[in-house]
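Subject: Structure for you, with notes

Hello,

Here is the structure for your files. Please open it first, then read the notes below.

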Amino acid sequence: MFEGILITIATAATPLLIASVGELVVERSGVLNLGVEGMMVMGAVTGFGVALATGSPWLGVLAAIIVGALFSLLFGFLTLTLVTNQVATGLALTLLGLGLSGMLGESFVGQPGVKMDYIYIPVLTDLPLVGKLFFGQDPLFYVSLLLTAGVAYFLFRTRAGLTLRSIGDNHTSAHALGINVIGIRYLAVMFGGACAGLAGAYLSLVYTPQWIENMTAGRGWIALALVVFASWRPWRVLAGAYLFGAVSIGQLHAQALGIGVPSQLLSSLPYLATIVVLVLISRNRRLTMVNTPASLGRPFVPDR
Amino acid sequence: MKKTILSLAAAAAVMSFGTMAAEAKVKACWVYVGPIGDFGYSYQHHQGLLQAKEKFGDELETAYLESVPEGADAERAIERFARSGCNIIFATSFGFMDPTNKVAGKFPDVKFEHATGYKREHPNVATYNSKFHEGRYVQGVIAAKESKAGVAGYIASFPIPEVVMGINAFMLGAQSVNPDFKVKVVWANTWFDAGKEADAAKALIDQGVDIITQHTDSTAPMQVATERGIKAFGQASDMIKFGPTTQLTSIVDDWGPYYIERIQEVVDGTWKQSDIWGGMKEGHVVMAAYANMSDEAKKLAEETEAKIKSGAFNPFTGPVTKQDGTEWLKAGEVAEDGVLLGMNFYVKGVDDKLPQ
Amino acid sequence: MRIELVKRPERSQLFAAFSPFIALGLTLIAGAIMFTVLGKDPVEALYYYFIDPLREVWSLHELAVKAAPLILIAVGLSICFLSNNWNIGAEGQFIMGAIAGSILPVMFPEFQSWIVLPLMLLMGIAGGAAYGAIPAYLKVRFNTNEILTSLMLVYVAQLFLDWMVRGPWRNPEGMNFPETRTFSPSAVLPEIWSASGRANWGFVFAIVAAVALWFMLSRTLRGFEVQVLGQSPRAGKFAGFSQSRMVFFAFLVAGGLAGLAGISEVSGAIGQLRPTISPGYGFAAIIVAFLGRLNPLGIIAAGLVLALSYLGGEAAQISIGVSDKVVRAFQGMLLFFVLACDTLILYRVRFVGSSAAKTVEATQNV
């Protein structure tokens, strides 16, 4: 039972983690893309559709990543090239994504999807207590962990990561140093879109292998919250995603145990917990100041 | 000047589009609360529309609005239909009750049908609903037969009388087989969030239930049950495609017969205000094929269904004790519809507390 | 080829006036393409979207009903956004305003007097403002990001309303359905001109609020403070403006107006509290605020345009079977075009050939 609960939490946390890590890179480059929900739902519908047509969940995942990245280009073009307001553009992207995905997915409704198989490694997966948890989950679970590690390494251990962060901290001086601010931001935005697309595919291929309109159900917003919650540090995003997953699953267990607390209160716990942790983290001004990309959301037009 | 251009454009538009569906004798219109792509509640109502369309062919013109929010928008949607020449309007969500009655007062020649409500303030308003709890009683019987753990998990949406009624009917059905049967209830606080419903199913399974039933709309719990190798009941539509080895049966909301009947009455000019609460007998509640269960359970399920269908048996027949131990129905006493429609208490054995 | 922006020496008056029309034109073209792809006659579809809802008086009333909360919330948000306070939790403030404003008609239904309605409106404003003060306080005191706290509080407010109408405030005569008792006539916001439709005084509030805030922003010191602190917090500091006070001011104004919108909607258009009282007005208002370029007068127009797109979407759904998802995609497109065209006000767009771009790149990398 304990292992089952942990796996359930991991499944709930994985899409949040993937989308958050992508958005973290975007925000570290100084761009705030509030369109995660829209990109995610586009990924979900594409992943489902392609997997259904080809029978291969992996092709679905690939397509979702590509569509997520392409869809984010729309945001990139407006905010980076045309310097529109990032908050408004992100919201528009979400709106467009929810509408478009509904249109594209109309014929997928009521069709069982293709489910990605769980990993099976002889002996290891069969280990008692922890076998399934560590060696028997869906492949994307492992991808999400690798992604987190990769982003953490990239941002803090590589020159390119340093460049990206320097753009987020001060795009004017980065530009003065000859860094192609807009080009790198484009790449970051597309990476974020690709991750959101992947997270969406996780929903429609692993979490609940089916297509339903608006199936992201607000998870894109939670992913956004997690980035700030984690004060823009990849491993803290992981902790946040799992904490959020644990609270969401925990409240369901509390209900199943029949403890008699209003379910609305239990349902609001994940949100209240997020606020409390946000407050605790941001109280330490010095710490957040160090990590917050100073140029976040600010428009940038290179002088020529 | 601007006005003239506008009215010219309008006139031209009316001329070109106004003649499109001149032959249809009757226009029937539906207002849905969710997207028709939910594969649940609104989807089933839309299936009813399609059935009516097939039945009447060119004689019937149909229109629908999906995802109409309860609140200020509902009144506009209904009024728009009333103004656009609909002869009969089906408002398919409880939250449309007051707007339906309000608009009905303004359009006495249009018939209004409100699903799941109780207000009929004008002679041109009828209400209708289905006795889903009859199906849930049968499910309870099957659950108690098939469960080894003796405990089932119930994923519920919101504590409204209909859902509470369903939980109680399920419990009574199960207790008729196994008096010690237990039901664990989880309120998902949503009609429709596949992820959350899946999580709820997993939580219930991890707490030891080996049968899942749901009063939320997505097929996610069915898929989870399949994955974990336990059995489950479908909801609103036949979900066998999502759990070929999992679905025991499903309560299918078949609104088609009612819609066809009422539209026919409009055609014939015999439509009257009524309050129809149809169940298995009227064909409004249909059980999907019994599958993935022992022959013994199947036989008992079929017998129970037949008993309810014939009208010989009401699931809410005494003796029934409330959760707090007080007596609700004496032996042989049958619950009044009025009490059921406002049901706000559990029967004995449900492992949950109702929010009061 | 690439696109370069060259900052104009000053705002282009020409494009400031014309960019909304260019955007509308582009939306119409893109919409026509979309409808053609969907196999619908584009002229017919666009007719139903933009003209049909304006043909009848009752429909104009409906337009006002739909636009009122959007405008009320959006003008409040414009103060937030102009002063760099990213309040995206207006939906929650709307709900809390509606709950606070409903205390009298729900808990004291026998108290019926002319004073009930003004008190309800004031309590609605107070409720919304108080809920808006939470993210403001957290931002000022703990430096907590207001985008997220305000958003999280939306979910909490929705669940709180859900609990209220199912639990303590459930209608005793409502067959245990989730709703409060219906408001007595003295608690219902009257219709402006009830002979022809149901537009209520909420629309008047919206217009008054928009004009008042326009005056405040463009003619008063406080308005100047909003703009300065928004554009350059440092400059604002030197001018002696308090950043913290501004955070509270912006959130209280926005929350109060959202609260007023909430209680007006509940009292005027719905008549009772229900589990859902808003189809996402608080979020749609963010779009309205930007469509109106954060100018209260522009927001009036933007609110009407967005409301029109909802009504038009319904008309198109009924008459030619365009699905409601198209409405949302369409709104997203409209917003994209408006945002993109507004770029022209501040910048000149220059298309640079690819070889030229390379030279630019090369010189940059030296």
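Helix 6 of chain B covers residues 161–177. At 1.5 Å a residue, its 17 residues should span 24 Å, and the end C-alpha atoms are 25 Å apart, so the two agree. The expected span is 1.5 Å times one less than the number of residues. Helices here are DSSP runs of H or I with at least four residues, strands are runs of E with at least two, and both are numbered from the N terminus. Helix 6 of chain B is mostly covered, with 14 of its 17 residues buried. Buried means that 20 or more other C-beta atoms lie within 10 Å of the residue's own; 12 or fewer is exposed, in between is partly exposed, and C-beta atoms are placed from the backbone.

Some ground rules. This is a predicted model: local features need pLDDT of at least 70, side-chain atom pairs count only at pLDDT 80 or more, and totals for chains, interfaces and linings use all residues. Residues are numbered from 1 along each chain as its sequence is written, while chains are lettered from A and ligands numbered from 1 in the order in which they are written.

**Chain B: the six-stranded sheet**

One open sheet of chain B has six strands in the order 2-1-3-4-5-11, with parallel pairing. Two strands pair if DSSP finds at least two bridges between them. Strand 2 (60–65) and strand 11 (275–278) of chain B are the edge strands, and each pairs on one side only. Neighbouring strands are turned by 20° against each other on average, direction ignored. Strands 4 and 5 of chain B pair in the parallel sense over four bridges. Within strand 5 of chain B, B:Y128 is the bridge partner of B:A115.

Helix 2 (residues 41–56) of chain B lies across strand 1 (26–31) and strand 2 of chain B, at about 165° to strand 2. Angles run from 0 to 180 degrees between N-to-C directions; axes are lines fitted to C-alpha atoms, for helices over the stretch in contact. Contact means C-beta atoms, placed from the backbone, within 7 Å.

Helix 4 (residues 97–106) of chain B is mostly covered too: seven of its ten residues are buried. Among them are B:M97, B:P99 and B:V103. The buried residues of helix 4 pack against helix 3 (72–83), strand 3 (88–91), strand 4 (111–115) and strand 5 (125–130) of chain B.

**Chain B: the seven-stranded sheet**

Another open sheet has seven strands, ordered 12-10-9-8-6-7-15 in chain B, with mixed pairing. Strand 12 (285–287) and strand 15 (350–351) of chain B stand at the edges with a single partner each, so one side of each has no neighbour in the sheet. Strand 8 (residues 211–214) and strand 9 (residues 231–236) of chain B run parallel, joined by two bridges. B:I212 has B:A232 as its bridge partner in strand 9 of chain B. Helix 7 (residues 194–206) of chain B packs on the sheet and touches strand 6, strand 7 (182–187) and strand 8 of chain B. Its direction makes about 160° with that of strand 6 of chain B.

From the record: an unreviewed UniProt entry lists residues 25–309 of chain B as "domain: ABC transporter substrate-binding protein PnrA-like". UniProt positions follow the numbering used here, feature names are shortened, and annotations may be inferred rather than shown by experiment. That span is 42% helix and 22% strand, and its end C-alpha atoms lie 35 Å apart.

**Chain A and its partners**

37 residues of chain A are in contact with 38 residues of chain C. Helix 4 of chain A gives the most to the side of chain A that touches chain C, with twelve residues. That side has 22 nonpolar, 13 polar and two charged residues. Ala, Val, Leu, Ile, Met, Phe, Trp, Tyr, Cys and Pro count as nonpolar, Asp, Glu, Lys and Arg as charged, and the others, Gly among them, as polar.

The peptide bond from B:G318 to B:P319 is cis, with omega near 5°. A:S231 has a positive phi of about 45° although it is not a glycine. A:S231 counts as buried, with 20 C-beta neighbours inside 10 Å. C:L294, also not a glycine, has a positive phi of about 60°. C:L294 sits in the loop between helix 12 (281–291) and helix 13 (296–320) of chain C.

Best wishes

Key. Contact = placed C-beta atoms within 7 Å.
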